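Here are a few friendly notes to read alongside the structure. Take them one at a time and find each feature as you go.

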Amino acid sequence: MTENIIDAMQTSTVKPMLHSAASRRARFVVLALALILIGATAISLLLGRYPIDPAQAVAMLVNQIVPLDPIWTEQQATLFFNVRLPRILLALMVGCCLACAGAAYQGTFQNPLVSPDILGASQGAAFGAAVAILLSVSSFATSLFAFGFSLLTVLLVLLISTRARGNHMMVVVLAGVMVSSLFQAGVSYAKLVADPTDELADITYWLMGSLTGANMRDIGMVLPIMLIGCATLFALRWRINILTMGDDEAATMGVNARRTRIVVIIAATLVTAASVCVTGMIGWVGLVIPHLCRMLVGADYRRLIPASMLMGASFLLIVDDVARLATTAEIPIGILTAFVGAPFFLYLITRKKKL
């Protein structure tokens with residue numbers, strides 16, 4: 001009996017020590033991801049077919065606050081502020097949002113295979129963009145069409161789920177799959193009737209995803225939505241931990257699981273719709289990055305959400321650097337994310353350890 005008491009005392013001492021060590025390790029990983037993000041951003045500002053050295057890049061940025069004697073050409077300033085900087089900012093924002101939304105969805109639906117387009121947001125955006133291209137509207141209007149149809153799709157999924165019987169979360173997922181298929185058929189029909197000389201090519205290129213047309217107007221349109229959505233998910237990250245325990249356990253802890261789940265879904269949908277409407281279809285980021293972060297910081301969403309945000313931003317920025325520099329003709333970024341994400345996910349589902 002004395003040995004049992006001693007074992008219990010040792011166990012009660014070891015567990016807090018292990019938890020503290022894991023917590024310190026997770027904080028270190030998050031800090032390392034933040035430093036990697038800063039370094040990747042600084043390097044990306046210098047990369048391009050028209051070189052800009054570090055001194056010129058820093059001077060141009062400082063000149064926006066304090067006037068300096070120019071050590072750069074007018075052409076370099078135009079390229080830097082109208083092309084390179086907006087593209088880098090958009091890559092950071094979209095990568096952060098997709099990874100954050102993916103992690104939130106996986107926790108909310110308690111399913112590691114869930115991605116940000118599970119409720120049809122991406123397919124709805126694709127249909128909206130296809131319709132806008134057929135109507136020959138501006139690129140800004142195309143983004144608005146994509147955003148509006150993306151939200152409309154998710155609202156339709158949630159409306160269907162309230163009318164159906166059975167397991168609520170399973171019904172939501174099934175409704176998302178069915179509505180996605182419906183809008184995917186709409187996209188196929190739009191491609192069928194599109195003019196092959198220009199409209200069909202525009203629709204196809206949009207579906208492959210790209211950051212080529214990034215500009216400050218698009219960033220200004222989606223930035224408030226992204227900030228609100230990401231801030232909401234960040235603030236609710238500890239409640240997502242509780243959602244993973246089940247509705248009954250959440251109720252005993254004073255958390256309204258259904259209300260929290262709806263808020264998380266709305267916030268994740270907003271950032272997904274805002275991302276897809278300006279970049280086109282970019283897959284795998286919201287599916288793979290949360291898994292990578294889970295391997296590094298564990299399944300605690302208090303650290304998984306910020307880690308996913310940082311890694312997602314860095315990942316998409318690096319992939320976009322490869323997309324614009326690897327070949328003479330730019331590679332659509334959606335193709336590269338699939339090349340990276342699919343093999344990694346195959347590794348995840350074939351390894352012995354449970355996802």
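Predicted model: local features only at pLDDT ≥ 70, side-chain atom pairs only at ≥ 80, totals over all residues.

1. Let's begin with how two helices meet. The crossing of H3 past H13 is right-handed. Sorted by class, their contact has 15 nonpolar, 5 polar and 4 charged residues.

2. Next, the record. The unreviewed UniProt entry annotates "transmembrane region" for several spans, including residues 26-47 and 262-289. Residues 26-47 are 95% helix and 0% strand, with end C-alpha atoms 31 Å apart. For residues 262-289 the figures are 82% helix and 0% strand, and the end C-alpha atoms lie 23 Å apart.

3. Now look at the aromatic rings. How many aromatic pairs does the count come to? The count is 4 aromatic pairs. One of them joins phenylalanine 80 and phenylalanine 81 edge-to-face, at 5.1 Å centre to centre with 85° between the planes. Phenylalanine 80 has a relative accessible area of 0%, so it is buried.

4. Tyrosine 105 and phenylalanine 109 make a tilted pair, 5.9 Å centre to centre and 40° between the planes. Are these two residues buried or exposed? Tyrosine 105 is buried, at 1% relative accessible area, and phenylalanine 109 is buried too, at 9%.

Key: Residues numbered from 1 in each chain as written. Heavy atoms only, no water. UniProt positions renumbered as here; feature names shortened; annotations may be inferred. Helix = DSSP H or I, 4+ residues; strand = E, 2+ residues; numbered from the N terminus. Left-handed = near helix turned anticlockwise from the far one by under 90°. Nonpolar A, V, L, I, M, F, W, Y, C, P; charged D, E, K, R; others polar. Phe/Tyr/Trp six-rings, centres within 6.5 Å; stacked < 30°, edge-to-face > 60°. Buried < 20%, exposed > 50% of the residue type's maximum accessible area, 1.4 Å probe, protein only.
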